[in-house]
Amino acid sequence: MTKFSIPRRSWACRFALAACAAAVGLVPLTGCAPLVVGAAVGGAVLVATDRRTSGAQLEDQAIELKAANRLREALGERGRINVTSFNRRVLLTGEIASEADRQTVLRVVQGVENVVAVVDELAVMGSPSLSARSADALVTARVKAALLDAKDLQANAFKVVTERGTVYLMGLVTPREANRAAEVVRTVPGVQRVVRVFEIISEAELARLQPPPQNTPATPPQ
């Protein structure tokens, strides 16, 4: 695998790249259904590659789609539920109409095949305004730009989800990476709270996940 690197650019250019990544990461459902597959507004892995196996990535996509379809059948349009799966661990964010509906959501998602854990961050309240959701998308773009600028982090190791100013960070990371990422994100304008939804791995495990070094071909004689 060729190592992906970002050349230094102006902050505005890096921010534009992150904003584009946020837009591309959205996976809309048909019509105006309130269920969102993949993340909250602006949530997505920064680039296409990450530390999950290809099988785990496919399973995460299947989990999100199955959960969204089953929740739509169970609740209709009662609430705005965001389903984000990373390495078979599901983060639920958004708004729900009642505590009874929350329990229905949990029961449905926990019953989806291959789900190993569910993190419930649903709020019993009305859905936010379009301006509030746009503000969350802006925060996500800023967070991604900040992670891209952090040279001691691999930005593509993190999935970012923002809801009502709260930033959720997902990924397979070491304790050092988890602490450093949270430190970086807390300083981003508009971030009210940072919630870690990481799967922690050791430095040795991280080394095993890294792609093997590429052999550099010898420079031919002139």
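Strands (E, at least two residues) and helices (H or I, at least four) are DSSP runs, numbered from the N terminus. The model is predicted, so local features need pLDDT of at least 70 and side-chain atom pairs count only at pLDDT 80 or more, while totals for chains, interfaces and linings use all residues. Residues are numbered from 1 along each chain as its sequence is written, and side-chain values use heavy atoms, with hydrogens and water left out.

**Stop 1: the cavity**

Now select Phe86, Arg89, Met170, Gly171, Val197, Phe198 and Glu199, which line the largest cavity. A cavity is a set of points on a 1 Å grid over the protein atoms alone where a 1.4 Å probe fits but cannot get out, and lining residues have an atom within 4 Å of a point. The largest cavity has a volume of about 40 Å³; a volume is the space filled by probe spheres set on the points, which are joined across faces, edges and corners. The largest share of the lining, 3 residues, comes from β9.

**Stop 2: arginine 88 and glutamate 59**

Next, select arginine 88 and glutamate 59, which form a salt bridge with the closest N and O atoms 2.3 Å apart. A salt bridge is a side-chain nitrogen of Lys or Arg within 4 Å of a carboxyl oxygen of Asp or Glu. Arginine 88 is in the loop between β3 (80-86) and β4 (89-96), and glutamate 59 is in helix α2 (residues 54-75), 29 residues apart.

**Stop 3: arginine 80 and glutamate 95**

Move to arginine 80 and glutamate 95, whose side chains meet in a salt bridge (2.8 Å, N to O). Arginine 80 lies in strand β3 and glutamate 95 in strand β4, so the pair ties together parts 15 residues apart in sequence. Both arginine 80 and glutamate 95 are buried; buried means under 20% relative accessible area, exposed over 50%, and partly exposed in between (1.4 Å probe, protein chains only).

**Stop 4: aspartate 152 and arginine 180**

Select aspartate 152 and arginine 180, another salt bridge, with the closest N and O atoms 2.8 Å apart. Aspartate 152 is in the loop between α4 (130-149) and β7 (159-163), while arginine 180 is in helix α5 (residues 175-186), 28 residues apart. Aspartate 152 counts as partly exposed at 36% relative accessibility, and arginine 180 is partly exposed at 25%.

Methods
On a 1 Å grid over the protein atoms alone, a cavity is a set of points where a 1.4 Å probe fits but cannot get out, and a pocket is an open set with protein on both sides within 12 Å along at least five of seven lines; lining residues have an atom within 4 Å of a point.
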